[in-house]
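Please look over the sequence and the model below before reading on. The briefing after it is arranged by topic.

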Amino acid sequence: MDGHDSEDPKQSTADMTAFVQNLLQQMQLRFQTMSDSIISKIDEMGDRINELEQSINDLRSEMGVESTPSPVAPAKPKEEESNKEEGSA
């Protein structure tokens with residue numbers, strides 16, 4: 001009986017190893033599928049953003065509006081002034 005008992009743990013270990021390997025392969029496949037899906041959706045969003053940007057530029061051209069500076073640009077001199085004030089203190 002001792003010989004039979006010593007085989008059981010080995011078989012059990014082999015079964016568990018095979019089960020874990022199979023589970024890890026399934027998880028890897030699922031993660032790869034999700035990753036591919038996410039990348040595809042990001043690419044699709046990028047294309048849609050590019051199309052939207054082009055549509056906006058076309059509309060602006062039709063209206064005769066030139067590119068306007070970003071609203072953040074006027075804030076830059078204020079930052080420089082505050083830096084000068086900090087430096088003189």
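Predicted model: local features only at pLDDT ≥ 70, side-chain atom pairs only at ≥ 80, totals over all residues.

**The chain and its surface**
- The protein chain has 89 residues, of which 0% count as buried, where buried means under 20% relative accessible area.
- About 8500 Å² of accessible surface belongs to the protein chain, and carbon and sulfur atoms account for 57% of that surface.

**The nonpolar patch**
- On the surface, a nonpolar patch is formed by Met16, Phe19, Val20, Leu23, Leu24, Met27, Phe31, Met34, Ile38 and Ile42, which together have about 980 Å² of accessible area.
- One of these residues, methionine 16, is found in helix H1.

**The patch of negative charge**
- A patch of negative charge on the surface brings together Asp43, Glu44, Asp47 and Glu51.
- Aspartate 43 has its place in helix H1, which covers residues 2-63.
- With a relative accessible area of 48%, aspartate 43 is described as partly exposed, because that term applies between the limits of 20% for buried and 50% for exposed.

Key
Residues numbered from 1 in each chain as written. Heavy atoms only, no water. Patch = residues over 30% accessible without salt bridge, like charges linked within 9 Å, V, L, I, M, F, W, Y side chains within 5 Å. Areas by Shrake-Rupley, 256 points an atom, 1.4 Å probe, with all protein chains shown as cover. Salt bridge = Lys/Arg side-chain N within 4 Å of Asp/Glu carboxyl O. Lys, Arg positive; Asp, Glu negative; His and termini not counted. Charge placed at Lys NZ, Arg CZ, Asp CG, Glu CD. Helix = DSSP H or I, 4+ residues; strand = E, 2+ residues; numbered from the N terminus. Buried < 20%, exposed > 50% of the residue type's maximum accessible area, 1.4 Å probe, protein only.
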